[in-house]
Amino acid sequence: MGTAVIAAPPQPAARSFLKRLRDGDKAAHLITLIFAASVFLVTVFLVYELWIHSSTSRAKFGLGFLFTSSWDPVAEKFGALPFIYGTVLTSFLALLISVPLAVGAAIFLSELAPPKLSNTCTFLVELLAAVPSVIYGLLAIFTLVPFLSKYGEPFLKNTVGFLPLFKGAPLGYGYLAAGLVLAIMTFPFIISISRESLLAVPIEQREAALALGATKWESTWQVVVPHARLGIIGSIFLALARALGETMAVTMVIGNDPSIHASLLKPGYTIAAVIANEFTEATGDLYQGALVELGLVLFLITIILNASAQLLILATTKKGSKQD
Amino acid sequence: MSVTRQRLAIALSAILILGSSVSLPAETINAAGATFPAVIYQKWFQEFHKLHPDVQINYQSLGSGAGIQQLTQGTVDFGASDMPMTNEQLSKITKVKVLHFPTVLGGLVPTYNIPGVTAILNFTPESLAGIYLGKITKWNDAALKKDNPGVNFPDAEIQVVHRSDGSGTTFVWTDYLSKISPEWKSKVGAGTSVAWPTGLGGKGNEGVAGTVKQTANSIGYVELIYAAQNKMAYGAIRNSAGTFVRADFDSVSEAAAGAAKNMPDDFRVSITNAPGKKAYPVSSFTWLLIPNKFDNATKKNAIQSFLKWMLAEGQKFAAGLDYAALPQPVVAKEEKQIGLIQ
């Protein structure tokens with residue numbers, strides 16, 4: 001194209017082409033608008049499809065679908081509660097473990113580690129993000145589950161076993177195993193994005209803090225981390241989205257039992273896992289409708305959590321601007 | 001060595017080039033369905049293509065439910081399923097009538113992992129139902145001890161394992177339990193996925209096998225071919241004649257022979273708990289679902305000749321791939337059904 005422009009003599013046609021190039025603002029505006037709109041339309045279409053295809057189940061169960069806990073494909077009685085519980089519990093457990101570890105690792109990598117070590121570690125961490133989830137699931141079956149059933153869960157039972165959270169046989173499979181696998185899977189998201197946003201904090205901020213007599217740690221914790229909080233919170237919610245929707249690795253270790261247990265050692269089920277497990281062999285409109293409605297519920301959970309993330313960011317931004 | 005290889009490579013590529021240049025415009029037939037027989041179906045379609053280069057059958061092993069669904073929507077020429085279609089499913093296909101053709105047989109075996117127990121365990125139908133209902137909770141239960149004299153059972157809780165994914169395997173297992181236990185029938189019933197009263201769910205045969213292997217004092221069910229290929233320990237089940245039978249090709253085929261006497265004309269029959277002294281009780285057919293009318297005559301002829309070949313030559317591939325072959329009376333009855341395709 002470039003050569004065509006150079007070769008063309010300055011004639012009216014070419015001028016209008018050049019003019020059009022100069023007016024690129026409008027073209028770019030239109031094209032990017034289409035791109036943005038397509039993302040929006042895909043989302044709308046997704047909700048529309050989920051809504052239409054879950055009509056049988058919505059008509060039969062109504063809102064009660066969200067609050068009943070039977071899942072009986074033979075009798076065609078369906079309720080989403082055990083799956084909602086399992087999804088939220090395992091994701092929450094995952095973040096509980098991964099947020100402190102991963103944010104800590106990101107602080108070390110950006111602020112304290114020598115650049116060579118930091119770059120190598122970051123490269124390795126980013127490799128983790130590229131590992132397919134079925135590999136995480138397999139590794140968990142061969143290492144994490146036997147470890148939990150032989151050492152981890154008996155230890156928990158012996159020390160904090162009086163809590164209802166740690167009752168039941170040490171099977172290895174269950175909420176705890178799923179939460180741990182999800183924690184490992186969400187590490188790379190939090191570490192790599194948090195590190196990037198910590199590195200993006202202007203060096204002057206650190207220098208100013210140090211010049212005022214702050215220690216290295218005070219400058220990091222009280223100046224750099226608050227400055228990068230938006231990026232860190234963003235990374236946590238990306239990790240949460242990943243945990244909520246994870247299917248393969250979870251279904252391989254959670255035990256796939258559609259009931260609600262207080263104990264983390266018991267088997268459970270998640271929304272994504274049950275859809276993947278049962279959809280291919282689901283016959284009958286009501287059964288398929290119920291599975292699609294579960295997809296709709298997962299979408300709702302994601303929207304609610306994302307909205308609360310936005311609110312959280314909004315709240316902290318206001319607080320931040322007051323300090324400034 | 002390398003020269004021979006080179007020559008071989010040249011010869012092979014020559015064959016490939018020649019082969020591709022002479023091959024006729026193929027009649028492509030699309031099929032989809034059950035995963036359990038997928039291995040032998042692929043083999044059959046490949047072998048049949050060698051004999052009839054003008055016929056190419058593509059098979060997607062998506063699962064029985066998906067096979068039935070695609071057949072209903074008309075996106076495939078024929079389907080395949082590990083369970084017969086229900087009347088409700090058949091009523092949704094109005095343009096044609098769907099014919100069921102049993103192809104091979106499979107059996108399900110109870111596999112277990114009890115530290116310290118190496119014996120082949122005997123299970124009565126009652127004890128299996130009791131375990132899966134969550135009523136027999138310990139290995140040293142009197143019911144289990146009675147059938148297994150000399151076995152030193154631990155005083156340990158039984159960890160029940162089942163399939164978590166919807167599958168024809170689960171249908172056969174729960175169909176069997178429904179037949180032998182009225183309580184199972186009323187409380188749980190039979191289906192590709194059911195509301196299990198107890199236990200852990202594993203995804204696929206490998207998921208169940210892996211969970212059993214790693215969980216002490218557990219029991220699960222897997223397909224016979226999976227257990228055989230992975231050299232897993234599995235128990236015997238008491239059949240309707242009162243003998244404890246271990247699953248193998250013969251005892252599974254025997255179940256089909258026992259059921260063949262009362263075979264309905266549409267072949268939609270469950271052969272779990274079949275009569276016969278040597279019959280293995282948790283056996284099942286797997287079916288091809290073929291429409292009785294094709295608009296395209298070449299397609300119709302291709303499918304008919306495939307079915308004829310499958311019932312004769314095709315059956316010989318079964319044992320080598322760890323499937324049980326059809327008994328002769330069933331083959332004879334199916335051959336008559338081929339004529340119904342128009």
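Trainee: Let's start with the layout of chain A; into which domains is it divided?
Mentor: Happy to begin there, and keep in mind that this is a predicted model. Chain A splits into two stretches, and the assigned bounds are domain 1 (2–53) and domain 2 (60–323).

Trainee: How many residues of domain 1 of chain A are in contact with domain 2 of chain A?
Mentor: Taken over C-alpha atoms, the centres of domain 1 of chain A and domain 2 of chain A are separated by 38 Å. Where the two domains of chain A do touch, domain 2 brings 5 residues and domain 1 brings 4 residues. On the side of domain 1 of chain A, these divide into 3 nonpolar, 1 polar and no charged. So for domain 1 of chain A, the number in contact is 4 residues.

Trainee: Is chain A spread out or a compact globule?
Mentor: The secondary structure of chain A comes to 14 helices and 2 strands. For 324 residues the globule rule gives 20 Å, but the radius of gyration of chain A is 25 Å, well over that value. The C-alpha trace of chain A spans about 80 × 60 × 40 Å along its principal axes. Compared with a compact globule, then, chain A is more spread out.

Trainee: And chain B, what is its radius of gyration?
Mentor: Chain B holds 13 helices and 11 strands, and its C-alpha trace spans about 70 × 60 × 35 Å along the principal axes. A compact globule with 342 residues would have a radius of gyration near 20 Å, and the value for chain B agrees with that: 22 Å.

Trainee: Where chains A and B meet, which element gives the most to the side of chain A that touches chain B?
Mentor: The contact takes 29 residues from chain B and 24 residues from chain A. On the side of chain A, the elements giving two or more residues are strand 1 (71–72), helix 7 (133–160), helix 12 (248–253) and helix 13 (271–278). By class, that side of chain A has 12 nonpolar, 8 polar and 4 charged residues. The element of chain A that gives the most, with 3 residues, is helix 7.

Trainee: Back inside chain A, what is the hand of the crossing of helix 5 and helix 11 of chain A?
Mentor: Helix 5 (residues 81–112) and helix 11 (residues 229–245) of chain A pack at about 145°, with axes 9 Å apart. Residues of helix 5 of chain A including Ser91(A), Leu95(A) and Val99(A) meet residues of helix 11 of chain A, among them Ile232(A), Ile236(A) and Leu240(A). That contact of helix 5 with helix 11 of chain A has 10 nonpolar, 3 polar and no charged residues. As for the hand, the crossing of these helices of chain A is right-handed.

Trainee: How many charged residues are in the contact of helix 9 with helix 10 of chain A?
Mentor: The axes of helix 9 (residues 203–211) and helix 10 (residues 216–227) of chain A come within 10 Å and cross at roughly 145°. Helix 9 of chain A contributes Gln205(A), Arg206(A), Ala209(A) and Leu210(A), while helix 10 of chain A contributes Glu218(A), Ser219(A), Val223(A), Val224(A) and His227(A). The classes come to 4 nonpolar and 3 polar, and the number charged is 2.

Trainee: Last one: how does helix 12 of chain B lie to helix 13 of chain B, roughly parallel or roughly antiparallel?
Mentor: Helix 12 (residues 297–312) and helix 13 (residues 328–338) of chain B pack at about 175°, with their axes 10 Å apart. Gln304(B), Leu307(B), Lys308(B) and Leu311(B) of helix 12 meet Val331(B), Glu334(B), Glu335(B) and Ile338(B) of helix 13. Angles over 145 degrees count as roughly antiparallel, so helix 12 of chain B lies to helix 13 of chain B roughly antiparallel.

Note on methods:
Residues numbered from 1 in each chain as written. Chains lettered and ligands numbered in written order. Predicted model: local features only at pLDDT ≥ 70, side-chain atom pairs only at ≥ 80, totals over all residues. Axes fitted to C-alpha atoms, helices over the stretch in contact; angles between N-to-C directions. Helix = DSSP H or I, 4+ residues; strand = E, 2+ residues; numbered from the N terminus. Left-handed = near helix turned anticlockwise from the far one by under 90°. Contact = placed C-beta atoms within 7 Å. Nonpolar A, V, L, I, M, F, W, Y, C, P; charged D, E, K, R; others polar. Domains from an automatic or database assignment. Parallel < 35°, antiparallel > 145°, perpendicular 65-115°, else oblique. Rg over C-alpha atoms; globule rule 2.2 N^0.38 Å.
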